[in-house]
Amino acid sequence: MIDFNPHALLATCEVSFVSKFSDLTRLPDARGHFGPYGGRFVSETLSFALDELEKTYLSLRDDPAFQAEFDYDLAHYVGRPSPLYHAERWSKQLGGAQIWLKREDLNHTGAHKVNNTIGQALLAKKSGKPRVIAETGAGQHGVATATVAARLGLKCDVYMGAADVQRQKLNVYRMRLLGANVIAVESGTRTLKDAMNEALRDWVTNVDDTFYIIGTVAGPHPYPMLVRDFNSVVGREARRQSFEEFGKLPDALIACVGGGSNAMGLFYPFVEDDEVVMYGVEAGGDGVETGRHAAPLASGAPRGVLHGNRTYLMSDEGGQVSDTHSVSAGLDYPGVGPEHALWKDVGRVNYVAANDDAVLEAFRELTHVEGIMPALETAHALAYAKVLAPTMSPDQNIIVNLSGRGDKDILTVAKIDGIEI
Amino acid sequence: MNRIDQRFAELKSQGRRALIPFITAGDPGPEHTVGFMHALVEAGADVIELGVPFSDPMADGPVIQKACERALKRGVRLSHLFEMVREFRQTDATTPVVLMGYLNPMERIGLVAFADQAAEAGVDGVLTVDMPPEEADEVGPLLKSRGLASIFLVAPTTSNARAATICAHGEGYLYYVSLKGVTGSAILDSRDVAEHLAPLREMTDLPLCVGFGIRDGASAAEVGKVADGVIVGSALVSRIAENADRPEVIAGELKAVLGEMRQALDAMSAA
């Protein structure tokens, strides 16, 4: 193992910074590493495409014209900025801190995922590739990809685990209506990780004319960096809105973590605000202690390499990747973005887990009390808000990333209720 | 001298091409693998690549994915592979054995433990599909200090600058991936392969071996005209798949497929 001392990284600050976490804003390094995590672990055929993508992105990142185009699309196509909504009634009911919901569910296509697909679609357009592919779990990233592909006239193939195709039927049909071809992946555990394997196999075969739009802050460098950057609009807005709405920084941030893109988007612009405490909520499934979960960080899974990056990875003693379990398809993944792995080690973010039961309860509660139906993924963050808020005082503020809306999950919840629709 | 270097030196002096079969260890069951290895040697194998089963073989097509699944269903792990190589070495002290697989199983048992056990078992080289040389700082020296060769891939998309880096890190032989795709994909284009191998010859003295898309004697001989060796995987593994429920015939099947390639290659190099 690489010998890595997280405190050494922080101690390398030569100048004295206001924040003890300033070093975290200077990552990844040139090779795409976040401390011992990240990197580019791919078969050789893809190295060239990743080099190209990195070059393209780095040349455009600071280009005002590119930024202007991105901002325009976010404003006029996605509908940004998304509101920061004060869940007053729910806050009162929980009897503690004020809860503010960052309403990513109000974005076009219904989740934060579109922030990233807009950005990557612009990169695809600049690189002149006529076809995009994506992997998807809950289908939100697939829908967001199919949407931008329709808008730009790109051919679009979406890989989705066969088990997820079953439990997210509405999103599957939605993608098809948008003109995308949805390919059900029958290999392995038939969930998100297998969809990503198959997307990588497609990319290695069609690398000349295909742009791979990865949906989370994982995968080989530069994906974790660029997906983070495109989603950071969430945190930048939330930071500004905090001052507008309650005149100070929030005391805590909460977001669900599968691969970790919505959490990364909210957290990243607050990383140097030491006083803002952050909670990433993973899928506890039947309970971390049962082994039937998808919480590599909260359960302290060993370090491993999958899908192009090194991270915390649920695998058995022989290094075979473990089956995961979660009521939400979007969090049902054995790994996690490498930057989250580093943030766990240096203690910047607390990673916890919410079990399926608590998640369903939070899903129902927000729907009843605030008239907002969250995605089951998002409900993990809400389940933890229910735990945290009562321990805080009414003059404190929590921002929860309401990362997606729950329409797609109605059939799943109905089935749990024993209702056939 | 490492057994791989030794073997390529012999082949060079004979003007022959290396024939390198790949099978997934433990497919269809761990009890068969050593027998298959000996059968491959009898049919003319110069080097054996032994696949390490992995749950998520991202660079492989359906044939080798299913081979991994069959082996994993039988609980095959790296410790079993080391046992297999040890047993193989009891009666074959000269045929080089290369482990080919993905990084995670190796990392999980610990890279030092992996390198120690591989060397002790009689392994000669390691090819980690998802570890380009840029990420090999740690494992490279561990293997080298135990006399194990780090073998790397070069692809049609590899730039000359990257190829130079890979050549500088590579040992044993270079594995040229003949086409963009996963293992078991379409037929390769030998003219295209020749064009890509030419600049590599300028950069390195390592033997250049070509894999992906070689299915029979004719395609092996085509590639043998321009390469120092041919690597054949899916064509063999699919025979194992077809006969998984009657493993007693598999050794014979493997010998037939590989034997035809051996003949075609030798006829080509004699011509």
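Q: Before we dig in, what makes a residue buried, exposed or partly exposed?
A: Using C-beta atoms placed from the backbone, a residue is buried if 20 or more others lie within 10 Å of its own, exposed if 12 or fewer do, and partly exposed in between. This is a predicted model, where local features need pLDDT of at least 70 and side-chain atom pairs 80 or more, while totals for chains, interfaces and linings use all residues. Residues are numbered from 1 along each chain as its sequence is written, with chains lettered from A and ligands numbered from 1 in written order.

Q: Great, so is B:F212 buried or exposed?
A: B:F212 is buried, because it has 29 C-beta neighbours inside 10 Å. Its phi is positive, about 80°, although B:F212 is not a glycine.

Q: And where is B:F212 found?
A: In the loop between β8 (208-211) and α10 of chain B. Helices (H or I, at least four residues) and strands (E, at least two) are DSSP runs, numbered from the N terminus.

Q: Over to chain A: what is phi of A:T109?
A: Near 75°, a positive value in a residue other than glycine. A:T109 sits in the loop between β4 (98-103) and α5 (113-127) of chain A, and A:T109 is buried, with 23 other C-beta atoms within 10 Å.

Q: Changing topic, which peptide bond at A:P28 is cis?
A: The one from A:L27 to A:P28, with omega near 5°. A:P28 is in the loop between α1 (6-11) and β1 (33-34) of chain A.

Q: What about A:P81, what joins A:R80 to it?
A: A cis peptide bond, with omega about 0°. A:P81 lies in the loop between α3 (64-78) and β3 (84-86) of chain A.
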